[in-house]
Amino acid sequence: MVMQVRSVEAKEALRLQKENNFVILDVRPEAEFKEAHPPDAINVQIYRLIKEWTAWDIARRAAFAFFGIFAGTEENPEFIKIVESKLDKSAKIIVACSSGGTMKPSQNLPEGQQSRSLIAAYLLVLNGFTNVFYLEGGLSAWFKEGLPTVSEE
């Protein structure tokens, strides 16, 4: 089974959202979402699902076994449940977190870095969502490029 998760860059994500009904799914903690997020983004935090893992555990486990990390998802179904309550399985979703994710290996992370958005994207694919993308460079790239942003403070 090949995991189909492609990346889109911030400007392209904005265009897809405007012209092709793509939904931006922001998986950051609610406080970060309220501070600033893309207009019409939906916030479903993935952190509750994996809070017992440190970032290092996630990076390490994701790097070596994409499927190993999902062992705990059945006991913590809120993330998928909430997304399913808001979005159709065929919805076109761009998953976003602060840092984005990458499939590209770097010197420090020979396996390629796995981020919250990438983990969320794989979870969605494993649960039957068919049009899942992730935001390359994350929302930090979105904000840096000065793309539209909403705040709820």
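Residues are numbered from 1 along each chain as its sequence is written, and side-chain values use heavy atoms, with hydrogens and water left out.

The chain has an average pLDDT (the predictor's confidence in each residue, from 0 to 100) of 78, and 67% of the residues score at least 70. Where pLDDT is low, the predicted coordinates should not be read in detail.

Five strands form an open sheet with parallel pairing, in the order β1-β5-β4-β2-β3; two strands pair if DSSP finds at least two bridges between them. At the edges lie β1 (6-8) and β3 (42-43), each of which pairs on one side only. Strand β1 runs parallel to β5 (residues 131-135) and is joined to β5 by three bridges; S7 has Y134 of β5 as its bridge partner. Helix α1 (residues 10-20) packs on the sheet, where α1 touches β1, β2 (23-26), β4 (92-96) and β5. The direction of α1 makes about 95° with that of β1 (axes are lines fitted to C-alpha atoms, for helices over the stretch in contact, and angles run from 0 to 180 degrees between N-to-C directions).

Within strand β2 lies D26, which is buried at a relative accessible area of 0% (buried means under 20%, exposed over 50% and partly exposed in between, with a 1.4 Å probe and protein chains only). Beyond four places in sequence, D26 is in contact (heavy atoms within 4.5 Å) with residues including F33, H37, A96 and L139.

One aromatic pair is counted, under a rule that requires ring centres of Phe, Tyr or Trp (its six-membered ring) within 6.5 Å and calls planes under 30 degrees apart stacked, over 60 edge-to-face and the rest tilted. The rings of F22 and F133 have centres 5.3 Å apart and planes at 55°, and the pair is therefore tilted. F22 lies in the loop between α1 and β2, whereas F133 belongs to strand β5, 111 residues apart. F22 is buried at 9% relative accessible area, and F133 is likewise buried at 10%.

Notes. Predicted model: local features only at pLDDT ≥ 70, side-chain atom pairs only at ≥ 80, totals over all residues. Helix = DSSP H or I, 4+ residues; strand = E, 2+ residues; numbered from the N terminus.
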